[in-house]
Amino acid sequence: MRWNSAKIIHVIVTILAWTMFGASLIYLAIKWNVLPDTIGVHFNPPTGEFDLYDEKIYALYPYGVWFGAMLVLEIAGILVNKIKTGMKIMAEGEKVFRRVTFILLDVIKICLSIFWLNWAICVIRQTQMIVWIPLAASEIVRIVFVLYVIAAIVIRIKYKESKVLEVK
């Protein structure tokens with residue numbers, strides 16, 4: 001297996017994202033006994049203040065969603081290498097498209113992890129959410145997705161399979 005910069009970045013991002021997940025889950029386990037029985041578990045987006053309170057077991061909510069989303073992204077990463085794009089492009093174009101797709105998945109993975117880490121830490125500490133973090137993370141994902149669509153169009157044009165006409 002040849003390691004290029006895209007694969008190295010993918011491995012680093014994956015390790016970083018899962019480390020954030022695991023470290024914050026360990027932090028929750030350490031703080032579990034000092035959490036009150038009823039805690040704030042959901043935030044009002046504009047203010048970052050708690051708008052929903054429930055039993056402390058719901059402190060696990062962000063981890064369930066975070067884990068599920070990370071699992072989907074990991075499966076998507078595996079499928080990127082297995083499935084043909086169907087874009088009718090040359091083999092080199094397929095490779096470029098796969099790299100660009102990995103970059104998109106990695107940006108989503110790191111932004112998602114930062115979003116849920118913020119949520120989880122605020123629930124554990126019972127503090128107001130830092131509202132600019134989810135806003136910034138979602139804007140970054142939107143911008144990168146638009147760039148991804150543009151890149152897919154450029155790849156499709158640049159690496160389009162050409163049909164050679166046979167002369168009889």
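Predicted model: local features only at pLDDT ≥ 70, side-chain atom pairs only at ≥ 80, totals over all residues.
A residue counts as buried when its relative accessible area is under 20%, as exposed when that area is over 50%, and as partly exposed in between. Gln126 has a relative accessibility of 27%, so Gln126 is partly exposed.

The protein chain has an average pLDDT of 90, and 94% of its residues score at least 70. Among the elements, helix α3, which covers residues 91-125, has the lowest confidence, with a mean of 92. The highest confidence belongs to strand β2, residues 50-55, at 94.

What does the secondary structure consist of? The protein chain contains 4 helices and 2 strands. Read from the N terminus, the order of the elements is α-β-β-α-α-α. The radius of gyration of the chain is 21 Å, while the globule rule gives 15 Å for 168 residues; the value is well over the rule, so the chain is more spread out than a compact globule. A box drawn along the principal axes around the C-alpha atoms is roughly 85 × 35 × 20 Å.

Of the 168 residues, 37% count as buried. The accessible surface of the protein chain is about 10,800 Å², and carbon and sulfur atoms supply 69% of that surface. The chain carries 18 positive and 12 negative side chains. The centres of these two sets are 15 Å apart. Contacts can also be sorted by how far apart the partners lie in sequence. Among contacts with a separation of 6 or more, 70% join residues 24 or more positions apart.

Is Gly93 buried or exposed? Its relative accessibility is 0%, and because buried means under 20%, Gly93 counts as buried. Leaving aside residues up to four places away in sequence, Gly93 touches Ile155 and Tyr159. Gly93 and Glu161 are 68 residues apart along the chain, and their C-alpha atoms are separated by 9.4 Å.

Arg99 also has its place in helix α3. At 32% relative accessibility, Arg99 is partly exposed. From Arg99 to Trp66 there are 33 residues in sequence, and the C-alpha atoms of the two are 24 Å apart in space.

Arg125 is another residue of helix α3. Its relative accessible area is 53%, and because exposed means over 50%, Arg125 counts as exposed. Arg125 and Val34 are 91 residues apart in sequence, yet 9.9 Å apart in space from C-alpha to C-alpha.

Gln126, the residue of the opening example, sits in the loop between α3 and α4. What is the phi of Gln126? The angle is near 55°, a positive value in a residue other than glycine. Most residues other than glycine have a negative phi.

The relative accessibility of Val149 is 34%, so Val149 is partly exposed. How far apart are the C-alpha atoms of Val149 and Val100? The two residues are 49 positions apart along the chain, and their C-alpha atoms are separated by 9.9 Å.

Note on methods. Residues numbered from 1 in each chain as written. Heavy atoms only, no water. pLDDT = per-residue confidence, 0-100. Buried < 20%, exposed > 50% of the residue type's maximum accessible area, 1.4 Å probe, protein only. Rg over C-alpha atoms; globule rule 2.2 N^0.38 Å. Contact = heavy atoms within 4.5 Å. Areas by Shrake-Rupley, 256 points an atom, 1.4 Å probe, with all protein chains shown as cover. Lys, Arg positive; Asp, Glu negative; His and termini not counted. Charge placed at Lys NZ, Arg CZ, Asp CG, Glu CD.
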